[in-house]
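Have the model open while you read.

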Amino acid sequence: MSVSIFSVSSTLPSHWKYISEGGATIVFSYIGPPNAELDGTVLRLRKSGVQTPVLEKSQFGLDVGDEEPDDASIVFQEQCMERLIPPVHLPRLRSVRVDEAWLTEFARAHNVDRPLERSAVGGIDTSKTKAVLANDLVGGVALAVEIKPKWSFLPNKTHLSEINHPIKSSTCRFCMHSHMRSGEGESVSLGYCPLDLFSNNPARMRKAVYSLYDNWLKSDGSVNNLKVFVRGKKIGTAERFLMLENAEETDDVMQEAFADAMLPLLIDTPVLRVLNKIQRTLDALDIEGLSLLWKRAHTVAEVTTYGSPPAVGVGAPNPTLADWASFIDNYLSQPPFNHASPNPENLRYYLLAYLLSATFKDCSVIIRMDLLDPSRPPTAIDPSKVTIIDLDPKNMNRLQKWEKLDQIIVDAYREVALEDRKTCLDDWVDSNVEA
């Protein structure tokens, strides 16, 4: 017996407002007449002309019969992410019905709202019969802040090359990459160190939030580690005083109020501690150690075919949903492997572990709050106000790119004078935080 799925095809294009889009989906917020099913939601529509093999139904191991299965992102969250992240800190996702005629009209009405560089590449996939409805994390509240925390740790030193060891064991990946990108003229969060934010030390966490805010101001809101939304609209730095209940405050007061509002939600919920533990326990070898294990695991015949071992990840199949479920079973239940001397028989485990770690290194955290008021006394923490987003799995073919980028970043940082190199403090202790 099939389960009835709500259809959004009875709504009008004008009932939805374009919000944003990524490489694979376009997001619209519901602004139509009161509707118990749709109030406070956003609609995620898949894009056409975009290859997303990791989430393609046939390659992800989902049924591809007459009935289109639910979007793979829903299935992946339900069967995998909810086992690693407390569900209260995940977005609420549900499948809804759409149809070709409605999607065609919808796309025609909203194409003008999209950035030209996006619309030129691809539009809404009108062949879909299902879409994703999620709770609106930036609308419906006065103030929402999106942070992209990035890498939380210094790598395991065991497998670092002799030439890279002194650099990678002292300066974190994010700080090195920011230095390189800044030298290339990009707007980056210089001075922000993720290890401060993940430290669970209130003083260091405040320093990190101040740095994120300062870089947001200096870049006129263009850095991607911090985004600010007021009443559902992304604001620029010229509109920053809209964050305040009373707009007659100074910048210094507002920065302090910004940190005062965010820090209790970051300290008193397990979100950062969970992300920290997952990132570092999944990336136990660093990309250098993973590459060494990959080379050890490949046979003489493969080396003869390629002339040398294929680049890390090349030829390895992307994980199916069943693969991910099995991997998480192993990750959560088995005693840790001997990471100091990894067994090539466990190569597949380490490949999937690194891919999943990359997902958590690249995710974002949305914090929903009232407008800032320096005189407001502290209130009870509501854990549902902190949500982790952007948790789709990564593609296996990214591994070789990440290995090359890692070396480029380290080589660039090697040019920095010893006395000018940054020392990042990783004092993490496993507190057996509940994932």
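First, a cut-off to keep in mind: a residue is called buried when its relative accessible area is under 20%, exposed when that area is over 50%, and partly exposed in between. Also remember that this is a predicted model.

With that cut-off, K150 has a relative accessibility of 18%, so K150 counts as buried. K394, at 15% relative accessibility, counts as buried too.

**The charged pairs**

How many salt bridges are there by the rule used here? The count comes to 22. Three of them are listed here.

| Salt bridge | Closest N to O distance |
|---|---|
| D362 and K150 | 3.0 Å |
| R376 and E245 | 3.6 Å |

D329 sits in helix α13 (residues 321-333), while R83 is in the loop between α2 (72-79) and β4 (93-97), so the pair ties together parts that are 246 residues apart in sequence. D329 has a relative accessible area of 38%, so D329 is partly exposed. R83 is partly exposed as well, because its relative accessibility is 30%.

Next comes D362 with K150, which form a salt bridge. D362 lies in the loop between α14 and β9 (364-369) and K150 in the loop between β6 (143-147) and α5 (165-168), so parts 212 residues apart in sequence are tied together here.

For R376 and E245, the closest N and O atoms are 3.6 Å apart. This pair links distant parts of the chain: R376 belongs to the loop between β9 and β10, E245 to the loop between β8 (233-234) and α9 (251-267), and the two are 131 residues apart. R376 is partly exposed, with a relative accessible area of 32%.

Which residues do salt bridges with shared partners join into one network? They are K148, K150, D362 and K394. K394 comes from the loop between β10 (386-389) and α15 (398-414), and its side chain makes a polar contact with the side chain of D362 at 3.1 Å.

**The nonpolar interior**

In soluble globular proteins, nonpolar side chains tend to be buried together. The largest nonpolar core in this model has 83 residues, and M243, F327, F360 and L399 have the most contacts inside it. Helix α14 (residues 347-361) gives the most to this core, with eleven residues. Another core, of 17 residues, lies apart from it, with L43, L45, V98 and A131 among its members.

What does F327 touch, once neighbours within four places in sequence are set aside? F327 is in contact with L282, Y349, L352, A353 and L356.

**How the helices meet**

The axes of α13 and α14 come within 11 Å and cross at roughly 95°. That makes α13 roughly perpendicular to α14. On the α13 side, the contact is made by D323, W324, F327, N330 and Y331, and on the α14 side by R348, Y349, L352, A353, L355 and L356.

Finally, α2 is mostly covered, with six of its eight residues buried. The buried residues in α2 are A72, S73, I74, V75, F76 and Q77.

Terms used. Residues numbered from 1 in each chain as written. Predicted model: local features only at pLDDT ≥ 70, side-chain atom pairs only at ≥ 80, totals over all residues. Heavy atoms only, no water. Core = buried A, V, L, I, M, F, W, Y, C linked by side-chain atoms within 4.5 Å. Buried < 20%, exposed > 50% of the residue type's maximum accessible area, 1.4 Å probe, protein only. Helix = DSSP H or I, 4+ residues; strand = E, 2+ residues; numbered from the N terminus. Contact = heavy atoms within 4.5 Å. Polar contact = N/O pair within 3.5 Å; in protein donor to acceptor, adjacent residues only side chain to side chain. Salt bridge = Lys/Arg side-chain N within 4 Å of Asp/Glu carboxyl O. Axes fitted to C-alpha atoms, helices over the stretch in contact; angles between N-to-C directions. Parallel < 35°, antiparallel > 145°, perpendicular 65-115°, else oblique.
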